[in-house]
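Here's a quick tour of one protein chain, written for someone just getting used to reading structures. Keep the 3D view open and click along as you go.

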Amino acid sequence: MSKVKNPSLAAAGKKELTWAESHMPVLKLIGDEFEKEKPFKGLTIGLSLHVEKKTGVLLKTLVRGGAKVFAASCNPNTTDDIVAAALAEEDPKNLQVFAWAGQTTEDYYWCIDQVLDAHPNILIDDGCDLSMRIHTQRPGQLKEVIGACEETTTGLTRLRAMEKDGKLRIPTLAVNDAYSKYLLDNQFGTAQSTLDALVRGLNILLAGKTAVVCGYGWCGRGIASGLRGLGANVVVVEIEGRLNTPDSGQHRAITALYSGYRVLDHMSAAKIGQVFVTATGNKNVLRKEHFEVMRDGAIMCNSGHFNVEIDEPALRAMSTEVKEIKDNVVAYKLKDGRTLYLLSEGRLVNLSRPMGQGHPIEIMDGSFAVQALSCQYIGTHRKSMKAGVVRVPQEIDDQVASLILKTQNVVLDKPTKEQTAYASEWQEGT
Ligand SMILES: NC(=O)c1ccc[n+]([C@@H]2O[C@H](COP(=O)([O-])OP(=O)(O)OC[C@H]3O[C@@H](n4cnc5c(N)ncnc54)[C@H](O)[C@@H]3O)[C@@H](O)[C@H]2O)c1
């Protein structure tokens, strides 16, 4: 049976779910098809995703397709407890949820283990914890898994490392790498949700402030653009080389520069920044040497997947006093009298409760449409898929893009016959 923080919150959670459902038309269309075709009949789907209202709509869509669904969170502090309560009540025979906000590490893995106890045939992961857990703790169950989907950049980084070491034993669709996912979700979704968390949680003016964005990947460029839109003076920090990215940090730095941002090294940025947002997928991006030179009152937060981007233990060790001064805001008083602030313990600020609400609903409609169709693909191609990280088929990516435009009433022209022919022509010049 489900385990959530407080089942009596279900009525409030149901309202949130209904609101999300009414803004997820793409998933609704996919769910209508699933209901007719039942592609997941006889299959159990195990998920580790941020358990909040948009995820709730995905879970219900999979149930409509005939699946038995078991879900845990993919982060100890991102569950929306009212939504988790509503989901636990929704359809206990087919849908169970093990998630609450404010989990210990032990709680977190207990919940993941409940999902694995259900013997899932398909895994949906956000950050690779479910996959990692089954490979390391329950290899005997791997033969029951026909495939998996991974939602985020960091999860794919881990999966590719597993694959390189010859350890990945299930086919895993790289949902994050579908255009309909990262171009929209990572960029526009992380931008609005990160700014939303900062603005609602802190109620400070961002206009005129120097805001430093660490990492100019898909998330970073959205966040930088949003901060600029609110009037902040945006500084971008990148790193040399190619850390799991197709283009180098140098190329990304040039893109930032030509987009009109100031690009600085970490130390120079640390000295002038008033607000810092990390979105790199890397560790100890902001660390002791940077804390030592930061301005009094500097605010730091993270939108990357794990809480390792800001070296909190180092900050704590430098402090004479550490105090939570309001929800999700901890003040670190340093020996020299300066105070630095860290939001949401350095966890994803845009999803950490109660400050973050996650991406806008329409964005997750697109991302979860890719998830739902990828799951269906795994079901129908189970015999031909081989272990490893696999691209989401182009047809799914294009189908989701077309559905998003359709549900937003945007109509595009088709190329004329002449234009189509010209696009494959090599003899005709000017
Ligand atoms: N908060 C959310 O809701 C959300 C949504 C999507 C992705 N993510 C996560 O955000 C992170 C970034 O995702 P992305 O898709 O933008 O990745 P990305 O790979 O496109 O970009 C990361 C960028 O960070 C740079 N970088 C790496 N180490 C750095 C360092 N030490 N200093 C400065 N820059 C550095 C890389 O060169 C790269 O340009 C990942 O952990 C991803 O899983 C979070």
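This is a predicted model: local features need pLDDT of at least 70, side-chain atom pairs count only at pLDDT 80 or more; totals for chains, interfaces and linings use all residues.

The chain holds 16 helices and 16 strands. Its radius of gyration is 22 Å, close to the 22 Å that the globule rule gives for 430 residues, so the chain is as compact as a globular protein of that length.

**The mixed sheet**

- Zoom out and you'll find an open sheet of 8 strands with mixed pairing, in the order E10-E9-E8-E11-E12-E15-E14-E13.
- Strand E10 (262-263) and E13 stand at the edges of this sheet with a single partner strand each, so one side of each has no neighbour in the sheet.
- As a bit of background, strands of a sheet pair through backbone hydrogen bonds, either parallel or antiparallel.

**The parallel sheet**

- Another open sheet of 8 strands has parallel pairing, and its order is E1-E4-E3-E2-E5-E6-E7-E16.
- Its edge strands are strand E1 (3-4) and strand E16 (388-390), and each of them pairs on one side only.
- Inside that order, strand E3 (residues 68-72) and strand E4 (residues 95-99) pair in the parallel sense over 4 bridges.

**Helix H1**

- Gly13, Leu17, Ala20 and Glu21 are the buried residues in H1.
- Seen down the axis of H1, these buried residues fall within an arc of 95°, so they line one face of the helix.
- Ala11, Thr18 and Trp19 sit on the other side of H1 and are exposed.
- The cover over the buried residues of H1 includes helix H3 (53-64), helix H4 (81-90) and helix H14 (361-380).

**The nonpolar cores**

- The largest nonpolar core has 76 residues, and those touching the most other members are Ile45, Leu62, Val69, Ala71, Ala84, Ala99 and Ala369.
- H14 gives the most to this core, with 10 residues.
- Leu62 touches Phe40, Ile45, Ala67, Val69, Ala372 and Cys375, if you leave out residues up to four places away in sequence.
- There is also a second, separate core of 48 residues, and Leu227, Met294, Met300 and Val349 are among them.

**A look at Met294**

- Where does Met294 sit? Met294 is in the loop between helix H12 (288-291) and strand E12 (299-302).
- Met294 counts as buried because it has 23 C-beta neighbours inside 10 Å, and the cut-off for buried is 20 or more.
- Leaving out residues up to four places away in sequence, Met294 touches Ala270 and Leu340.
- Met294 and Ser268 are 26 residues apart along the chain, and their C-alpha atoms are separated by 9.7 Å.

**The chain as a whole**

- The C-alpha atoms fill a box of roughly 70 × 65 × 45 Å, taken along the principal axes.
- Of the 430 residues in the chain, 51% are buried.
- Among the contacts with a separation of 6 or more, 75% are between residues 24 or more positions apart.

Methods. Residues are numbered from 1 along each chain as its sequence is written. A residue is buried if 20 or more other C-beta atoms lie within 10 Å of its own, exposed if 12 or fewer, and partly exposed in between; C-beta atoms are placed from the backbone. Helices (H or I, at least four residues) and strands (E, at least two) are DSSP runs, numbered from the N terminus. The arc is that of the directions from the helix axis to the C-beta atoms. Two residues are in contact if their C-beta atoms, placed from the backbone, lie within 7 Å. A nonpolar core is a set of buried Ala, Val, Leu, Ile, Met, Phe, Trp, Tyr and Cys residues joined through C-beta atoms within 7 Å. The radius of gyration is taken over C-alpha atoms; the globule rule is 2.2 Å times the number of residues to the power 0.38. Two strands pair if DSSP finds at least two bridges between them.
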